[in-house]
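Please read them with the coordinates open.

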Amino acid sequence: TPEEAKAWEKMDPADRPLGFVPQAYDAMRKVPQYDGLIRERFERCLDLYLCPREAKTRLDIDPDSLLPQLPSPAELRPF
């Protein structure tokens, strides 16, 4: 209503419950595009592009040390 719109305009921007005036549209096709959409998408892509990647620490393990030491067949002779 016009009274609500005037009351919304008189409010301090920090005290407004929403950052925009809600409006009714006949169909979803008639809803206008969000003004800051392209800028926000661009800034998001720029943030992802320019952010440094996390450095992964690699473990230097000798593969031979992972295998258990097997006893010699001479030690297993009675069995």
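How many residues apart in helix 2 are R39 and E43, and about how many helical turns separate them? They are four residues apart, so the separation is about one helical turn. Helices here are DSSP runs of H or I with at least four residues, numbered from the N terminus.

1. Basis. This is a predicted model, in which local features need pLDDT of at least 70 and side-chain atom pairs count only at pLDDT 80 or more, while totals for chains, interfaces and linings use all residues. Residues are numbered from 1 along each chain as its sequence is written, and side-chain values use heavy atoms, with hydrogens and water left out.

2. R39 and E43 form a salt bridge, with their closest N and O atoms 3.8 Å apart. The criterion is a side-chain nitrogen of Lys or Arg within 4 Å of a carboxyl oxygen of Asp or Glu. R39 is exposed at 57% relative accessible area, whereas E43 is partly exposed at 38%. Buried means under 20% relative accessible area, exposed over 50%, and partly exposed in between, with a 1.4 Å probe and protein chains only.

3. The other salt bridge. The structure holds two salt bridges.

4. The loop between the helices. D26 is in the loop between helix 1 (2-10) and helix 2, and D12 is found in that loop too. D12 is partly exposed, at 44% relative accessible area. For D12 and L37, the sequence separation is 25 residues and the C-alpha atoms are separated by 25 Å.

5. Charge over a ring. R16 lies over the face of W8, at 4.0 Å from the ring centre. The test requires NZ of Lys or CZ of Arg within 6 Å of the ring centre and within 35 degrees of the ring normal.

6. Nonpolar surface patch. F42, L46, Y49 and L50 form a nonpolar patch on the surface, with about 480 Å² of accessible area together. Such areas come from the Shrake-Rupley method with a 1.4 Å probe, and for residues only the protein chains shown count as cover. Patch members have over 30% relative accessible area and no salt bridge; nonpolar side chains (Val, Leu, Ile, Met, Phe, Trp, Tyr) are joined within 5 Å, and like charges within 9 Å. L46 belongs to helix 2 (residues 37-50) and is partly exposed, at 34% relative accessible area.

7. Cysteines. The structure holds zero disulfides. C45 is in no disulfide, and the nearest cysteine sulfur, that of C51, is 12 Å away. A disulfide is counted for a pair of cysteine sulfur atoms within 2.5 Å. C51 counts as partly exposed, with 39% relative accessibility.

Methods. Helices (H or I, at least four residues) and strands (E, at least two) are DSSP runs, numbered from the N terminus.
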